[in-house]
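This report is written for a reader who has the sequence and the 3D structure at hand. Please look at the structure first, and then follow the description below.

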Amino acid sequence: MSDTANDPIQSFTAKSDLPLRLEPARQGIDMATVLGLLGALALIGIAIFMGGNWYAFIDVPSILIVLVGTFAITMVSYSFTEVMQAQPLMLRTMFSHGHTPNEAAAKVLQLAERARRRGLLAMQNELFSLKNEPFLLRGMTMLVDGMPIEEIERNLTFETHAMAQRHQRSTGILRRAAEVSPAMGLIGTLIGLVQMLGSLDQPEGIGPAMSVALLTTFYGAVLANVFFLPIASKLERNSAIELLINQIFLLGALSIGRQENPRRLELVLNTILPASQRVKYFD
């Protein structure tokens, strides 16, 4: 396969005279997230099995105290609806999706070049090809419909801010759960210690009470450091990329609406792209 076929930027440039067809964003399992989680759980599991008596690490009362307690206390800080709405965003961290920022910039430049040569109204026939990029599609549709540039900018900016707030709320829920789960583990430890002290005259009750005391701390530490905090960090990372891509699409739609030279758009896009992902569409 040639180098041009492997380079999305050069590929878009080479196809600039072909009918506009934006390829759907790549979707698949985020191997970094999945392998990281499985690797951490595997290491913990191996350590437990190598020590023998693995079933000693399973205690239903401890699980209820930490798991259900964390969910309940987190829900106190947010509404039930907000916690439920955050679940799909958390699951999305398990999947890679969307374009990289430089691919999005190349698509916008291709679109701007096409609109510059054919005129804005001619883009109406190609809006269907943008169906995989709903944010860009909405911007281009408003342009073709003749909506004022200022109104388009306001609508798209508000939409971006609303998306950022949803992501921040989901991240906040995860970080709140990461704070609560060790605390619930500590509460379980205190419960276990009190039960143990109350069973000093009954030796058969000391073991189960001590088990609750230690396992709740273990469960709380695992939940916070293996699940909640890493997923919150990945969600923040994915949100930053999605916001950058939306900003690229917004700048592109506004530039097309103002009928600016696409080379000028390329300069503007390169000012917000990371140095390693800057595009050279017209070089």
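Phe49, Trp54 and Tyr55 are linked into a cluster by ring pairs. Rings of Phe, Tyr and Trp (its six-membered ring) are said to pair if their centres lie within 6.5 Å; planes under 30 degrees apart count as stacked, over 60 as edge-to-face, and the rest as tilted.

The model is predicted: local features need pLDDT of at least 70, side-chain atom pairs count only at pLDDT 80 or more, and totals for chains, interfaces and linings use all residues. Residues are numbered from 1 along each chain as its sequence is written, and side-chain values use heavy atoms, with hydrogens and water left out.

By the ring rule, the count comes to 4 aromatic pairs. Phe57 and Phe218 form an edge-to-face pair. Phe57 lies in the loop between helix H3 (31-50) and helix H4 (60-77), and Phe218 in helix H9, so the pair ties together parts that are 161 residues apart in sequence. The rings of Phe218 and Tyr219 also pair, and this pair is tilted. A pair of aromatic rings is described by the distance of the centres and the angle of the planes. The table gives these values.

| Ring pair | Centre to centre | Angle between planes |
|---|---|---|
| Phe57 and Phe218 | 5.7 Å | 65° |
| Phe218 and Tyr219 | 5.9 Å | 50° |

Helices (H or I, at least four residues) and strands (E, at least two) are DSSP runs, numbered from the N terminus.

Exposure is described by relative accessible area: buried means under 20%, exposed over 50%, and partly exposed in between (1.4 Å probe, protein chains only). Phe57 is partly exposed at 31%, and Phe218 is partly exposed at 27%. Tyr219, at 14%, is buried.

Ser181 belongs to helix H8 (residues 149-197). Ser181 is buried, with a relative accessible area of 0%. Contact means heavy atoms within 4.5 Å. Neighbours within four places in sequence aside, Ser181 is in contact with Val66, Thr70, Gly220, Leu223, Ala224 and Phe228.

Glu260 is placed in the loop between helix H9 (203-257) and helix H10 (262-272). Apart from neighbours within four places in sequence, Glu260 is in contact with Arg116 and Ser255.
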